[in-house]
Amino acid sequence: MTDPTKNWCSENPTGAISKRSFRIDTSRKDGLLLQIHHTITARNKKSKHFKFDETTFDDTGEQLAAIDHVGNIVVIDFSCLRFWLLPLRLECSFIKFSSYRKNELLIGKLDGSVLLIDTGSGASNGNLLGHTEPVSQASFATGEPYCLTVSKTEAIIWNLLSASKHHRLALHSDVGYRQIFFIPVSNKIFACFEDNTVHVWKFKSFECAKCSLPYQWNNKPVSSFSVTRDGQTIAIGGSSSVVILMSVETCRLRKRLQLTKYINSIARLEFVPQPLTVAQTRLFLFYQTLVMFCCSY
């Protein structure tokens, strides 16, 4: 197991965590509650300015982790209004909070391994070893201790209780994939490949159903996916002014959303978390501006 203490941040060589307080400003009329400037004072008293490359929220929205371009990781806790620098510096391929274990952060290293780090103490909870290339994304099974990590050439399901490999998914050698992830509730595994074929695996039995994206998509490149909380509907967007809502179970079209003509691509889309009993679903689309749809299906 790799010892993350070999990567102690030079600004915090002792490994001790110093948690500092901040306040939320509710008096501003523009709605801005918090603005973060990332400046670190080194031992020589000189200040260094850093830009954040990637951020991730935990499932409760109470903790935010951000990594800068040199590998410093900052944790911001909105429940206690404190922030701190984790005592390690890593070149990493992704960061994501665990949906299975509270206060645990997954950090992908460039050698393909994935560190499990406790955000409160900075201690290592384990190391997932098995990928030969850097991991780019991770998702979690609902209510079970399983995690799916994906690199350029392989996808691996892990048992987080033992930090051991549970199953390796077979990917096409001649066709790249666009995205692979656990579907909420059902824990089926959704994979979309660059030829617009879709594979849906049943977890544990790994029976595979193969289908294609609805013809209304017109074989445009896909760049973003989002699934409703009940795991029944997936939204698909990309190099098109159209967003489609597809049934996960049948791979059939549920709704086609035509955007305004000046929008010709979607960088990212997300369903807004809502109770499962809500009949309408809000969908955020990220272009140069933020667009919100209210969808019924």
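## Glu154 and its partner

Glutamate 154 is buried, with a relative accessible area of 9% (buried means under 20%, exposed over 50%, partly exposed in between, with a 1.4 Å probe and protein chains only). Its side chain meets that of arginine 168 in a salt bridge at 2.4 Å, N to O (a side-chain nitrogen of Lys or Arg within 4 Å of a carboxyl oxygen of Asp or Glu). This pair links distant parts of the chain, 14 residues apart: arginine 168 sits in strand β15, glutamate 154 in the loop between β13 and β14. Strands here are DSSP runs of E, at least two residues, numbered from the N terminus. Arginine 168 is partly exposed at 36%.

This is a predicted model, so local features need pLDDT of at least 70 and side-chain atom pairs 80 or more, while totals for chains, interfaces and linings use all residues. Numbering starts from 1 along each chain as its sequence is written, and side-chain values use heavy atoms, leaving out hydrogens and water.

## Other salt bridges

The whole structure has five salt bridges. One of them joins glutamate 249 and lysine 188 at 2.8 Å, N to O. Both residues lie in loops, so the pair ties together parts 61 residues apart in sequence. Glutamate 249 is exposed at 55%, but lysine 188 is buried at 16%.

## Strand β6

Six of the six residues of β6 (residues 72-77) are buried, so the strand is largely enclosed by the rest of the structure. Strand β6 pairs antiparallel with β5 over five bridges (pairing takes at least two DSSP bridges). Five bridges also join β6 to β7, again antiparallel.

How values were computed
Helices (H or I, at least four residues) and strands (E, at least two) are DSSP runs, numbered from the N terminus.
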